[in-house]
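The entries below follow the order in which I looked things up.

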Amino acid sequence: MLAKKLPVLIVLNLLIVSIVAMAMMLMINMYKFEKAIDQVVNDRFYFLIEGLRTSLEAEMSLGGVPLARLPTGNQQLLAAMAENDSILSIEVFDQDGRTVLSTDPSFVGDIIPSGWEQAWQENKHSSWMVEDDRGAISLGLGVIDALGNPTGSIVLRYSPARQAQLVSDINKSLINDGLWIWVGGFVAMTVLVFFVTRPISRYLNGLSSHLSQLLDQRDDQEPPVLAEPSPTAVSAKPGSKFNDYGFMDSYRLTQDTLDQTAKKLRQIDGDLN
């Protein structure tokens, strides 16, 4: 009976809804967490190259020398690179698109990638970001000379593999914690459902049993047979002044109509059979 299965049906529906809700919540949280980690890492590296840019611009202004001739430029880049092992390289290129300073001496004099040049041309006075074919992220910040003119850019390249591993580890921890929370919540909901629906289920079961008994008793009883009224019982005696107000005529008309209807029903039933 449906009343007996009511708690089970409610629990099954709660199970399906809770699984879908938990999966969606975990997916949204993991996505938001990954984006938050990316933003934090980028902000940290931008802060690092912002300090380098300030130092390089101050040295150019005080010494009156271009980027390529800064005496402590490479030392500053190497010191900044040592702060994080995710950094692949830090480079500085001039307005002609050639690398003039780098943590890797072999890069000095090379033409910068076209993606860097395009990003710098579009953001000479602000920051920019480019991702290369190998998955490395390049963060750039324009360098301004003493006259306020763009003279190049400083670029920090880093590998997102380390932060991807960090995100993966934290996501696993989130999934593990989420599953434990879901199991505990579902068990609590199941107990609560059975506790709340038990009296309702009992009431419905009793009501259903009572209705079944009433239907069985009705089926066991024979329908009453109504005797056809005798026309003589209501007819007036000869010579009497009794007036039936057309009752007998109405009765006969009704009887004829019922007979014709019954005949048609028997005919229709025969056609159907």
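Is R53 buried or exposed? I found R53 buried, at a relative accessible area of 15%; buried means under 20% relative accessible area, exposed over 50%, and partly exposed in between (1.4 Å probe, protein chains only).

Before going on, I note that this is a predicted model, in which local features need pLDDT of at least 70 and side-chain atom pairs count only at pLDDT 80 or more, while totals for chains, interfaces and linings use all residues. Residues are numbered from 1 along each chain as its sequence is written, and side-chain values use heavy atoms, with hydrogens and water left out.

Entry: salt bridges.
I looked for salt bridges (a side-chain nitrogen of Lys or Arg within 4 Å of a carboxyl oxygen of Asp or Glu). The count by this rule is two. In one of them R53 pairs with E50, and the closest N and O atoms are 3.0 Å apart. Both E50 and R53 belong to helix α1, three residues apart, which is about one turn of the helix. I took helices (H or I, at least four residues) and strands (E, at least two) as DSSP runs, numbered from the N terminus. E50 is partly exposed, with a relative accessible area of 30%.

I then turned to D132 and R157, whose side chains meet in a salt bridge at 4.0 Å, N to O. This pair links distant parts of the chain, 25 residues apart: D132 is in the loop between β3 (127–131) and β4 (137–144), and R157 is in strand β5 (residues 150–158). D132 counts as partly exposed at 24% relative accessibility, whereas R157 counts as buried at 12%.

Entry: the inside.
I searched for nonpolar cores (sets of buried Ala, Val, Leu, Ile, Met, Phe, Trp, Tyr and Cys residues joined through side-chain atoms within 4.5 Å). The largest has 26 residues, and I90, V92, I154 and L156 have the most contacts inside it. Two or more residues each come from α1, α2 (73–81), β1 (87–94), β2, β4 and β5. Helix α1 gives the largest share of this core, nine residues. A second, separate core has eight residues, including F93, A119, W128 and V130.

Entry: β1 and β2.
What is the bridge partner of V92 in β2? I found L101. The two strands β1 and β2 run antiparallel and are joined by three bridges; strands pair if DSSP finds at least two bridges between them. They form a hairpin with four residues between them, and G97 in the turn has a positive phi of about 85°.

I listed contacts (heavy atoms within 4.5 Å). Apart from neighbours within four places in sequence, V92 is in contact with several residues, among them L56, L77, T99 and I154. T99 lies in strand β2 (residues 99–102) and is buried, at a relative accessible area of 3%. Among the residues that T99 touches beyond four places in sequence are E91, F93, F107 and I112.

Entry: the surface.
Which residues form a nonpolar patch on the surface? I noted V8, L9, L12 and F194, with about 330 Å² of accessible area together. Helix α1 (residues 6–63) gives the most to this patch, with three residues. L9 has its place in helix α1 and is partly exposed, with a relative accessible area of 36%. Patches are made of residues with over 30% relative accessible area and no salt bridge, like charges being joined within 9 Å and nonpolar side chains (Val, Leu, Ile, Met, Phe, Trp, Tyr) within 5 Å. Accessible areas come from the Shrake-Rupley method with a 1.4 Å probe, and for residues only the protein chains shown count as cover.
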